[in-house]
Amino acid sequence: MTDESYIKLALEIAKKGRGNVSPNPLVGCIIVKNNRMIGAGYHEKYGENHAEINALNNCKKSVEGSTLYVNLEPCSHHGNTPPCVDKIIENKIKRVVIGTFDINPLVNGKGVKKLKHAGIEVKVGVNEKECLELNKFFFKYITKKIPYVSLKIAQTIDGRIADKYGNSKWITCIKSRYYVHNLRTYYDAVLIGSNTVKKDNPKLTVRLTKGRNPKKIILNSKLDLSLNLKLFTVNPGKNLIVISSTESIGKKRKLKNLQKLGVRVIFVKKDSDGGLCLKRVLNELGKLNIISVLVEGGSKIFSSFIRENLFDDIKLFVNPKIIGNGLSSINNVGRSKIEKALKLKIANVEKVGDDVLIELVK
């Protein structure tokens, strides 16, 4: 097998850590000696052993003189665990092949430098594009200190997310709903606006597949949601966050009741348009080590994230239904002329049951 093949295998192994390692990156590691794989491991849980240590521990034979493959530069600093670089050197690994540098300032290039200084042959930049894509949440967070933001929109082919009465169940097919539930397990949090909460009364839990429940974030500037809604009554793990306006700080009784239900309330200032300042929202989420957010609605929220240019990609599920009158998925984004339209790139298109999923990036 080639270096590229082993890094691809490391990437696949790394994916097993999804939902368990955030805010750390997803990392997989393969150890090869005499053209045979003698060990493998991945970062399984935040605060526990890194992929390189698990791979070394899983080896039944001596690793001296072997090649270690890893999709991300090994760490060289003390965090929750000791430096992986030291263990690699200690075990007399002969060669290390790395998918991409770790742009974390605590690591960036230092791990490679230390390995080379120890006389180990190092190769960096194998399948780099795929390695960067796998850890796009981590790289955005480590450089910007705010979460990676995906907008998930489910609409009819004429761009409606609900009919004129506000009904939206179900625009997309069951396979798309399975897909979205699985998608939720990848993200640290799911975010919706208060209008969507009132109309749909969702749970925002993972039910159609196995996996962890993400944190649930509700933007509710007036702090006026009924506590009888499912989000409050069905709150496993007490992982509900309500973000409200600083103008609602005085609602002591409501705050006390929310606290009894295990709800965290965060206050941010409003923006010039009277809505919650999304930049401040993302800054607050970053402080909580939330590195990825899946925005699931509604129209006003989608439009605000696009208008403020605070999203990273869009996952657009389109069903071949036509309603005509109804609620548009996106409204005012501050661009009234075609020459000023926001131009996105199509990263992927696939058929999901009766629907089409279009993945868009800036």
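Me: Which strand is β6 joined to by four bridges, and do the two run parallel or antiparallel?
Reply: In this predicted model, strand β6, residues 148–156, is joined by four bridges to strand β12, residues 292–295, and the two run parallel.

Me: And what is the bridge partner of Leu151?
Reply: Leu151 has Val295 in β12 as its bridge partner.

Me: OK, what packs on the sheet there, touching β6 and β12?
Reply: Helix α6, residues 136–144, packs on the sheet and touches β6, β12 and β13 (313–319), with a direction that makes about 130° with that of β6. Helix α11, residues 278–287, also packs on the sheet, where it touches β6, β9, β10 (240–245), β11 and β12, and its direction makes about 140° with that of β11.

Me: How many strands form that open sheet, and in what order?
Reply: Nine strands form it, in the order β11-β10-β9-β8-β12-β6-β13-β16-β15, and the pairing is mixed. The edge strands are β11 (264–268) and β15 (345–352), each of which pairs on one side only, and from one strand to the next the twist averages 20°.

Me: What about the sheet with β1 in it, what's the strand order there?
Reply: That open sheet has five strands in the order β2-β1-β3-β4-β5, again with mixed pairing. At its edges stand β2 (36–42) and β5 (121–124), and because each has a single partner strand, one side of each is left without a neighbour in the sheet. The twist in this sheet averages 15° from one strand to the next.

Me: How do β1 and β2 run, parallel or antiparallel?
Reply: Strand β1, residues 28–33, and β2 run antiparallel and are joined by six bridges; within this pair, Cys29 stands opposite Gly41 in β2.

Me: Switching to helices: why is α12 called largely enclosed?
Reply: Seven of the nine residues of helix α12 (residues 299–307) are buried, so the helix is largely enclosed by the rest of the structure. The buried residues in α12 include Phe302 and Phe305, along with Ile301 and Ile306.

Me: Last one, which residues form the nonpolar patch on the surface?
Reply: The patch is formed by Ile174, Tyr178 and Leu208, which together have about 250 Å² of accessible area.

Me: Where does Leu208 lie?
Reply: Leu208 lies in the loop between α8 (194–200) and β9 (215–219), and Leu208 is described as partly exposed because its relative accessible area is 31%.

Key:
Residues are numbered from 1 along each chain as its sequence is written. This is a predicted model: local features need pLDDT of at least 70, side-chain atom pairs count only at pLDDT 80 or more; totals for chains, interfaces and linings use all residues. Side-chain values use heavy atoms; hydrogens and water are left out. Patches are made of residues with over 30% relative accessible area and no salt bridge: like charges are joined within 9 Å, nonpolar side chains (Val, Leu, Ile, Met, Phe, Trp, Tyr) within 5 Å. Accessible areas come from the Shrake-Rupley method with a 1.4 Å probe; for residues, only the protein chains shown count as cover. A salt bridge is a side-chain nitrogen of Lys or Arg within 4 Å of a carboxyl oxygen of Asp or Glu. Buried means under 20% relative accessible area, exposed over 50%, partly exposed in between (1.4 Å probe, protein chains only). Two strands pair if DSSP finds at least two bridges between them. Axes are lines fitted to C-alpha atoms, for helices over the stretch in contact, and angles run from 0 to 180 degrees between N-to-C directions. Contact means heavy atoms within 4.5 Å.
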